[in-house]
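I opened my notebook to look through one structure. These are my entries, in the order I made them.

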Amino acid sequence: MKRLFNAHPFVNRLAWLLALALLPLGARAFDLNALEAQLRATPIVRGQFVQQKFLRSLPQPLTSRGDFTLAAGRGLLWLLRTPIAQDLRINADGISRRDESGKWQALPQHTGAGRENRLFLSVLAGDTRGLQENFDLALTGEADGWQLVLTPRSALLRQIFDNIQINGGKLVDRIELRETQGDRSVLQMTGAAAADALTPEEQRAFAD
């Protein structure tokens with residue numbers, strides 16, 4: 001009887017674990033690991049973006065629009081259409097711009113735009129572990145509607161950003177960078193959808 005009695009806690013725990021495993025994904029705790037897995041489950045994403053820069057010195061935001069392609073393991077193609085046409089490629093090697101001849105030229109790594117674009121790549125790719133190297137992450141919500149707030153850790157980043165707010169569902173929908181001087185940048189992703197494969201043009205852009 002003693003052996004049977006002592007087995008009860010184990011049996012109860014096993015039953016609880018089995019019940020948890022059978023719950024639908026949306027009913028489980030949604031944490032940073034779940035968010036990363038959710039975003040990485042879509043290796044190729046295409047869509048359009050609207051990027052607005054709100055400056056204290058200007059009455060209206062600076063607005064740019066374009067298209068993007070995110071490919072896991074390859075990087076991000078960031079194709080500005082308005083107000084000027086400019087093609088950017090962001091990957092592990094840094095940020096490159098396509099010149100008039102069609103060749104990619106590396107950009108300096110210390111530019112503010114470069115810093116923001118590298119952040120966008122980490123966020124869109126679901127690299128929460130990489131983000132944790134420089135930020136404290138606070139996640140709220142569920143798989144179909146969540147918000148991730150990044151608070152900078154280092155003194156250097158705290159001089160630049162108050163925080164970064166990211167909203168999304170299956171994919172990232174919106175990113176807002178709030179700067180310490182009162183300026184902010186808002187990036188909205190529209191029409192984002194998963195793709196099965198890269199187009200020949202995208203393959204060349206990532207390979208060059």
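In which sense do strand β7 and strand β8 pair, and over how many bridges? I looked it up: β7 (residues 135-142) and β8 (residues 145-152) are antiparallel, with 8 bridges. I keep in mind that this is a predicted model. A hairpin of 2 residues links β7 to β8. In this pairing, Asp136 sits opposite Thr151 of β8.

**Asp136 again**

I stayed with Asp136 and found a salt bridge to Arg153, with the closest N and O atoms 2.7 Å apart. Asp136 is in β7 and Arg153 is in the loop between β8 and α5 (155-160), so the pair ties together parts 17 residues apart in sequence. Asp136 is partly exposed at 40% relative accessibility. Arg153 is partly exposed too, at 42%.

**The whole protein**

I then stepped back. I noted 6 helices and 11 strands. The protein has 208 residues, and 37% of them count as buried. The accessible surface is about 12,500 Å², and 54% of it belongs to carbon and sulfur atoms. The whole structure holds 11 salt bridges.

I looked up Arg81 next. Arg81 forms a salt bridge with Asp67, and their closest N and O atoms are 3.2 Å apart. Arg81 belongs to β3 and Asp67 to β2 (residues 62-71), so this pair ties together parts 14 residues apart in sequence.

Then I checked Arg98. Its salt bridge partner is Asp87, with the closest N and O atoms 2.7 Å apart. Arg98 lies in β5 and Asp87 in β4, so the pair ties together parts 11 residues apart in sequence. Is Asp87 buried or exposed? Asp87 counts as buried, because its relative accessibility is 16% and the cut-off for buried is under 20%. Arg98, at 23%, counts as partly exposed.

**Ser96**

Ser96 is also in strand β5 (residues 94-98). I list Ser96 as buried, at 11% relative accessibility. Leaving out residues up to four places away in sequence, Ser96 touches several residues, among them Asp87, Trp104 and Leu107.

**Helix α2**

Which residues of α2 (residues 32-40) are buried? I found Leu35, Glu36, Gln38 and Leu39. Seen down the axis of α2, these buried residues fall within an arc of 160°, so they line one face of the helix. At the start of α2, a side-chain oxygen of Asp31 comes to within 3.3 Å of the backbone nitrogen of Asn33.

**A cis bond**

My last entry is a peptide bond. Most peptide bonds are trans. The bond from Thr82 to Pro83 is cis, with omega near 0°. Pro83 is in the loop between β3 (75-82) and β4 (86-91).

Terms used:
Residues numbered from 1 in each chain as written. Predicted model: local features only at pLDDT ≥ 70, side-chain atom pairs only at ≥ 80, totals over all residues. Heavy atoms only, no water. Helix = DSSP H or I, 4+ residues; strand = E, 2+ residues; numbered from the N terminus. Buried < 20%, exposed > 50% of the residue type's maximum accessible area, 1.4 Å probe, protein only. Arc of directions from axis to C-beta. Polar contact = N/O pair within 3.5 Å; in protein donor to acceptor, adjacent residues only side chain to side chain. Contact = heavy atoms within 4.5 Å. Pairing = 2+ DSSP bridges. Areas by Shrake-Rupley, 256 points an atom, 1.4 Å probe, with all protein chains shown as cover. Salt bridge = Lys/Arg side-chain N within 4 Å of Asp/Glu carboxyl O.
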